[in-house]
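Hello,

Here is the structure I promised to pass on. Please look through it first; my notes follow below.

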2 protein chains.
Amino acid sequence: MELSERRKKILRAVVEEYIESAEPVGSKTVLNRAGLNCSPATIRNELVALDREGYLEQPHTSAGRVPTAKGYRLYVNELMRERELSDSETDEITRKLQSHSGRADRLMADVGRMATELTSYPALTISAMSPATVKRVDLIYLDANSFIIVLLLTGDTVKNKLVHLPFSFTEDLLRRLSAVFNASFTGLMEEKITSDLITSTERAVGDSMGLTSVIAGFLIETLMTSKGAGTSVSGEANLLKLPEFQDPDKAHRLINYLSDSQNISALTGSSDFGDVKVLIGPENAALELRDSSVVLASFEAGDGMRGLIGVVGPTRMDYSAVAAKLSYIAGGLSRLLGAGSAPPAGFGKLMIKGGDKDV
Amino acid sequence: MELSERRKKILRAVVEEYIESAEPVGSKTVLNRAGLNCSPATIRNELVALDREGYLEQPHTSAGRVPTAKGYRLYVNELMRERELSDSETDEITRKLQSHSGRADRLMADVGRMATELTSYPALTISAMSPATVKRVDLIYLDANSFIIVLLLTGDTVKNKLVHLPFSFTEDLLRRLSAVFNASFTGLMEEKITSDLITSTERAVGDSMGLTSVIAGFLIETLMTSKGAGTSVSGEANLLKLPEFQDPDKAHRLINYLSDSQNISALTGSSDFGDVKVLIGPENAALELRDSSVVLASFEAGDGMRGLIGVVGPTRMDYSAVAAKLSYIAGGLSRLLGAGSAPPAGFGKLMIKGGDKDV
DNA sequence: CTTTAGCACTCCCATTTCCTGAGTGCTAAG
DNA sequence: CTTAGCACTCAGGAAATGGGAGTGCTAAAG
């Protein structure tokens, strides 16, 4: 059943007041905030209704109202006003993103820290590469016992490894090996590099010392790790300032949960590309997150990297501001990393997608 | 003044009891623990003396005794019994270290997590490379607009970068460039790569497109970042289980402090190679660590990497167990990474070095 | 049917009071 | 120097108290 306009106003007032104060909200406060032309008693009647419908609850009789997960959900989906970032905020984000040069994992960790700074909630990032294949293999001869393998992967990533061997080989052998690898190993997924392929290569090139398998081994290792997801978490300490985490035990549980990258990775799939997703309290799959909320924004870089950036906080979270900020960061990331490609559709526009529940 | 044997026994009993219980220790408890042939009253007299000398203090009259920083210091320097690791513990450490293959920063982060697991205190790691120079430069021609720079550094690290350019060049130019770079840029510290050197190289090789400065730029960037220290912190959440960090504010301050890698780096220099260093409470330079203790063990790998691994905890810390574990991990790290070189002197032996104060 | 004033009621929470017991310091005797 | 005895101290938990914010209900007014 659709709520009346007035009830929506009241619900919004309760949510926003509670987000600020963390205290149960009474009828009088609602009146001030919502600016309605009625008496507290009327508000109380409406509150009772919202309570009955499951949008609000009372910690105890004779206390004010607190939003339920359902209440937050409605707020996020319909009631929340879009928060515009100030110029200084957008400037700051853009500047920080642009000033960055360096490895992808460092970048993501820094972006996470930025999200923490901006929102004052713990931030997490997940990044994954789309499965790569090898485009080109070079072998650089150093001396009779050592050489460097240089792999060019799809997405223009370059990987290398220095190999020392206890026996000597010739520069010519390396040249032949690289020719064969470029002919037979490029474009292959990791599971296509079988031991059959390796032994036949060995025979073809006349390698009796196992150089082929050293190189093939590095190929496999590289392909496997290249698709591994990287995660980062920052700003966990900020939880401790929040009233809902004054209980050290509660804080401990959540921080501990966040400190395991497996748990972070598990948040993948909660979000599709191009939107901001809000998971409120019990909408979270993980038990440890059941009384917290997670806001996730996804980005996609041009070179096959895609990922999420998100924050974790109490259900009483400033969704509007957080979503706007994350959306802008993720958008900026897509723009920055996807340099050259067109900015993804919907960049800059805030689209919220909800949990699985009907609301 | 040297303490009498009995007082030492009593001090040890107080420290060890307090480490276990986190409660002020009374005369009766000391008696049980130290196993002396006297009455509680005698103990009390001795406690008064230890109190007067500054080794112990009372939270309030009519409470038991708690060690002071000075008391802990004496305990660590003289009274602490060396803790032997059980076989299963040493096995576990060795196994985990050996099972690792991968990048150095990942390894260090994992080692930190291991230290956290073993000690249940937050762990930190710092690793730094000794300043590198370039041993060899290779340029791999991909197509008329792109090539890969491959740098071999001292310490056998290899770095690479893929360069796309908006104009075209010939494979021959690359060949000449790499020859010149190998002739003029190898063995140079970063600050020796001046713009004079770059322009004269440009002239020598006939490069009018700025390829030289692209490559030189990558050289400089690589040399600069290669000496940068990496840090990791893990297990901060464990603080919250400790009675001394039940105050969320206190925990927040410390965790926040630990989350800034600058602060972690600042711990470098607190430790020399080959020993375990214990910094007790006020012995710490940083204000935020003044009522915590830090135990640091250093390691040195063969390839120019050196670093520290340490834990942070309350002054009431099981120094003996922590020092033994960290020492073993650091020793194992030296052994593992310094593969081939002789194990560093003193490996396996526990040598504690104290703070700056006389004790 | 909705709104509102009035009012009794509930119950959280901060404050105070009280009490217990562990542990002390002191004294005086062994 | 050691020890038994004893009065004293004080943290911290339990119980008691009071204030106040906010409620739900009723009945009258719109």
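Which strands of chain A does helix H9 (residues 211–226) lie across? Helix H9 of chain A lies across S4, S5 and S6 of chain A, and runs at about 40 degrees to S5(A). Axes here are lines fitted to C-alpha atoms, for helices over the stretch in contact, and angles run from 0 to 180 degrees between N-to-C directions. Helices (H or I, at least four residues) and strands (E, at least two) are DSSP runs, numbered from the N terminus.

Some ground rules. This is a predicted model: local features need pLDDT of at least 70, side-chain atom pairs count only at pLDDT 80 or more, and totals for chains, interfaces and linings use all residues. Residues are numbered from 1 along each chain as its sequence is written, while chains are lettered from A and ligands numbered from 1 in the order in which they are written.

**The sheet in chain A**

The open sheet has three strands in the order S4-S5-S6 (chain A), with antiparallel pairing. Two strands pair if DSSP finds at least two bridges between them. Strands S4 (134–143) and S6 (158–164) of chain A are at the edges with a single partner strand each, so one side of each has no neighbour in the sheet. From one strand to the next, the twist averages 15 degrees. S5 (residues 146–153) of chain A and S6(A) share seven bridges. A:Phe147 has A:Val163 in S6(A) as its bridge partner. Helix H7 (residues 171–184) of chain A also packs on the sheet. H7 touches S4 and S5 of chain A, and its direction makes about 175 degrees with that of S4(A).

**Where the chains meet**

In chain B, 21 residues are in contact (C-beta atoms, placed from the backbone, within 7 Å) with 21 residues of chain A. On the side of chain B that touches chain A, H10(B) supplies the largest share, five residues. That side has 11 nonpolar, six polar and four charged residues. Ala, Val, Leu, Ile, Met, Phe, Trp, Tyr, Cys and Pro count as nonpolar, Asp, Glu, Lys and Arg as charged, and the others, Gly among them, as polar.

**Around the DNA**

A residue is near a strand if its C-beta atom, placed from the backbone, lies within 6 Å of it. DNA strand D is surrounded by 19 residues, the closest including A:Gly26 and B:His60. H3(A) gives the most to this surface, four residues. DNA strand C also has 19 residues around it; among the nearest are A:Ser39 and B:Gly26. There H3(B) gives the most, again four residues.

Best wishes

How values were computed: Contact = placed C-beta atoms within 7 Å.
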